[in-house]
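Good morning, and thank you for the time.

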Amino acid sequence: AGITVEPSRIFRFTLDIYQTKIDDRIVKTDFLGTAANGGAVVGQLLREKGINGVDSAQYFTNAIDTTTRGIDLVTELTLKSDSAGTFKPSAAYSFADTRIDHVAKNPAELANLNVTLFGRQVQRDLIKGSPRSKVVLGGNWAVWRFKTDLRVTRYDSYIESSTVASADQRFSAKWITDLDVGYGITDNLSLAIGAYNLFNKYPDKVGLKNNEGSGAYGSFAPFGLSGGFYYARLALNL
């Protein structure tokens with residue numbers, strides 16, 4: 001359900017409320033074959049199928065029913081001036097909450113094995129591994145041949161879960177700034193410089209690294225794990 005209100009030519013307000021139900025959602029299983037989930041029997045089954053050197057595995061399957069309820073709110077303002085150009089500030093807020101309604105039982109092929117397909121970690125990553133809310137403050141300013149786009153986004157906190165609650169990792173909310181500044185050299189040629197994550201923000205450092213040296217900032221950050229990205233762009237419209 002949604003509503004759009006335009007009380008004047010310069011202001012617009014939109015509100016959307018939704019519910020999405022997914023049956024047999026595609027999800028990734030737990031690792032099968034670890035000491036706590038199946039043990040050596042999974043590795044033995046893999047070797048019987050000609051897969052050597054692998055002791056554990058996971059796979060995608062349709063196995064979880066979910067319900068997501070959310071709200072999206074957007075406000076936009078347009079201000080025009082002969083001398084200062086056009087300025088369009090905007091603000092947006094979104095919130096989404098996902099719940100698990102049903103988890104499928106182990107398939108017959110795995111029913112007699114001591115494995116859990118979808119344990120605590122997998123289920124909580126599905127509902128806690130992404131920020132539930134996001135705020136976006138934006139500004140677009142165009143004057144003469146210059147155009148500037150500024151966007152500041154606040155991502156809410158999120159949790160990367162483990163098999164036990166004591167090992168869960170909570171990541172705090174972060175503000176991320178994106179900026180693009182362009183200049184129209186001609187009607188068909190433009191130059192721009194900009195940045196995604198202008199101030200080089202990272203998720204909270206957890207101090208955990210895997211064998212390849214990664215993992216210090218977790219795995220799920222909605223704004224990436226590589227810090228700032230800076231660019232220059234030359235565009236030609238033919």
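I shall speak about aromatic pairs and then about one asparagine.

This is a predicted model, in which local features need pLDDT of at least 70 and side-chain atom pairs count only at pLDDT 80 or more, while totals for chains, interfaces and linings use all residues. Residues are numbered from 1 along each chain as its sequence is written, and side-chain values use heavy atoms, with hydrogens and water left out.

The rings of Phe, Tyr and Trp (its six-membered ring) pair if their centres lie within 6.5 Å; planes under 30 degrees apart count as stacked, over 60 as edge-to-face and the rest as tilted. By this rule there are 9 aromatic pairs. One of them joins W144 and Y183, tilted, with 6.1 Å from centre to centre and 55° between the planes. W144 lies in the loop between β6 and β7 (146-155) and Y183 in strand β10 (residues 174-184), so this pair ties together parts that are 39 residues apart in sequence. Strands here are DSSP runs (E, at least two residues), numbered from the N terminus. Ring pairs also link W144, F146 and Y183 into a cluster.

Let me turn to the asparagine. N140 is found in strand β6 (residues 133-143). Is N140 buried or exposed? N140 is buried, because its relative accessible area is 18%, and buried means under 20%, exposed over 50% and partly exposed in between (1.4 Å probe, protein chains only). The side chains of N140 and D149 are joined by a polar contact of 2.4 Å; such a contact is a pair of N or O atoms within 3.5 Å, where within protein one must be able to donate a hydrogen and the other to accept it, and residues adjacent in sequence count only if both atoms are side-chain atoms.

Methods. Helix = DSSP H or I, 4+ residues; strand = E, 2+ residues; numbered from the N terminus.
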